[in-house]
Amino acid sequence: MEKDYQLIILGGGPAGLAAGIYSARNKLDSLLIEKAMVGGLAVYADLIENYPGFPDGIGGLELGELMLRQAEKFGLKTLTAEVTGLDLADSRKTVRTRESDLTARALIIALGSERINLDVPGEKEFVGRGVSYCATCDAAFFQEKEVAVVGGGNSAISEALHLAKFAAKVNIIHRRNQLRATPLFADKAKSDPRINFIWNTTVDAIEGNDNVEKLRLVDVLTGQKSTLPVSGVFVSIGQRPNTVLVKGKVPLDANGYIITNEKMETGLPGVLAAGDIRSNSIRQTISAAGDGATAAIYADRYLGA
Amino acid sequence: MGKTVAVTDSTFEEIVLKAADPVLVDFWATWCRPCQMVAPILEELTQEYTGKLTIAKLDVDKNHETAQKYHVMSIPTMIVFKQGKPVANIVGFKPKDKLKQELDAALG
C-alpha cells in the first residue's frame, strides 16, 4: 500500500466523506481513514428528514453508503484502521496506525464525537442485559415493562417517545429541571401518558442479578437517595468530541472541541478540521458535509500554494 | 466459500446446539441499524473463519423463543456456542478488528 499522500482525511462521517468527494474530484491524492464504518454518527439515524435533496427522508446508513460511493467514484482511497498517533509539527504530517505510518502534507480532522457513557457501577456489567444505547434496536424487548431513559436532550426524548410505544412506563431521568430538547419534541413527551419525568436527578448505580432490576437515584438538590425498579435503562446523555489524538497539538475550546476559522483551518499549517469535532458546530449532517467541502477546498489551496 | 446460515426456533437445536464446530449466532432484526452494520462484517468473517466457525443469524422478530431463552435484550447480540454451550456474549456493533479479537479469545 502507498504510504504518502497529498491529503489524509481522518474520519468517515459526513464531514470526512464530503471532504473526500471534493478533494478526490480536485484530483488530490487523498486517503480517508475510518476505524469502524463509514457514515459516522449519522448511521444511527433511522431517518434523516432534514438533509436537502431527500424529500422523503433517507436512512443514515444509506446516506453514508451513497456518499462513500460518490467519493470512490472520483478516486478517493479508503482505509479501515484505528489511528493511534499523530505528528503534526512538520510540514509532512505523520498518521500512525497499528499496521503502518502514513504521511501527507495536509490533514483534515473529521473524527466527530462519541457517545458519553454514564460511567456508574453496573453500566458495563449489564450491557445487553437491560442497559442499552439504542431504543430503536431494543425497545421491543421491553414490551409492557417499566424502563428509564437518562438524559434531557433531543436524542433522549426521541428514545423515550419510541420506547413509549412498547413499554408500560418510561421514566425520563434528567439532572436539571427542564429539558434541553426542542419544544416541539419536549411537548410531545410531556403529553405522552406513558412518559414520566424525574427531574433534578442522577443515576448512581445500576443493579440487578441476571438482568437490570433497579436504579439507585440521587436528587441533586437535596442529596436524597431513592430506588427505581426498572427492567431497562437507556443511556442518552450526549456526545463528546473525539479529540484524544489532537489534545495539546491544536487549539481546543473549553469543551474540548477544535477551534477553527471560517476556512476550517486550525492555526497549524496544513491541518484543518471539519464536522462535529469543531467548536460551535451545530452537529447536523448538513453542516458536517458543508464543513468537509470547505476544508477540502482550503486544503487544496494550501497544497497548491 | 463460507456464508452465514439463517436459523430459527425450530432449527436452532440441529444447526447450533448439536454442531460439532463452534457456532456464532447473531441475534438481529431488520429494524436495527447496528445489526445492519454488523452484517457485512459477518459475511467477511465467514470467509476468514471457514472450517473453524459457523456463523448463523437469528431474526429475533420471528424467533422469540430462542432470543428469550438466551436472555437477549439488546441487538445485535452475538453468542458463541461450543458443543451446545454459550461461551461468549458480544453485545453491540464492533469494528471488525475488535470483533475478531473477541472471537479469537472465545475460540481459544
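Trainee: What makes up chain A in terms of helices and strands?

Mentor: Chain A has six helices and 17 strands. Keep in mind that this is a predicted model.

Trainee: How many of the residues of chain A count as buried?

Mentor: The share is 52% of the 305 residues. One of the buried residues is A:T260.

Trainee: Why is A:T260 called buried, and where is it found?

Mentor: The cut-off for buried is under 20% relative accessible area. A:T260 has 18% relative accessibility, so it counts as buried. This residue lies in the loop between β16 (239-241) and β17 (271-273) of chain A.

Trainee: What does A:T260 touch, leaving out residues up to four places away in sequence?

Mentor: A:T260 touches A:E265, A:T266, A:A273 and A:R278.

Trainee: What makes the pairing of A:T260 and A:R278 a polar contact?

Mentor: The limit is 3.5 Å between N or O atoms, one able to donate a hydrogen and the other to accept it. The side chains of A:T260 and A:R278 are joined at 2.8 Å, and the pair is counted as a polar contact.

Trainee: Now the interface. How many residues does each chain bring to the contact?

Mentor: Chain B brings 17 residues and chain A brings 28 residues. The area buried between the two chains is about 1800 Å², with 62% of it from carbon and sulfur atoms. On the chain B side, B:R33, B:M37 and B:M73 supply 43% of the area that chain B buries against chain A, more than any other three residues.

Trainee: How do you know that B:R33 and A:E62 form a salt bridge?

Mentor: The rule asks for a side-chain nitrogen of Lys or Arg within 4 Å of a carboxyl oxygen of Asp or Glu. The side chains of B:R33 and A:E62 meet at 3.2 Å, N to O, and this is a salt bridge. The count between chain B and chain A is two salt bridges.

Trainee: Which helices of chain B each supply at least two residues of the side that touches chain A?

Mentor: They are α2 (33-48) and α4 (96-107) of chain B. The largest share, four residues, comes from α2(B). By class, this side of chain B has 11 nonpolar, three polar and three charged residues.

Technical notes:
Residues numbered from 1 in each chain as written. Chains lettered and ligands numbered in written order. Predicted model: local features only at pLDDT ≥ 70, side-chain atom pairs only at ≥ 80, totals over all residues. Heavy atoms only, no water. Contact = heavy atoms within 4.5 Å. Buried area = accessible area lost by both parts, 1.4 Å probe. Nonpolar A, V, L, I, M, F, W, Y, C, P; charged D, E, K, R; others polar. Buried < 20%, exposed > 50% of the residue type's maximum accessible area, 1.4 Å probe, protein only.
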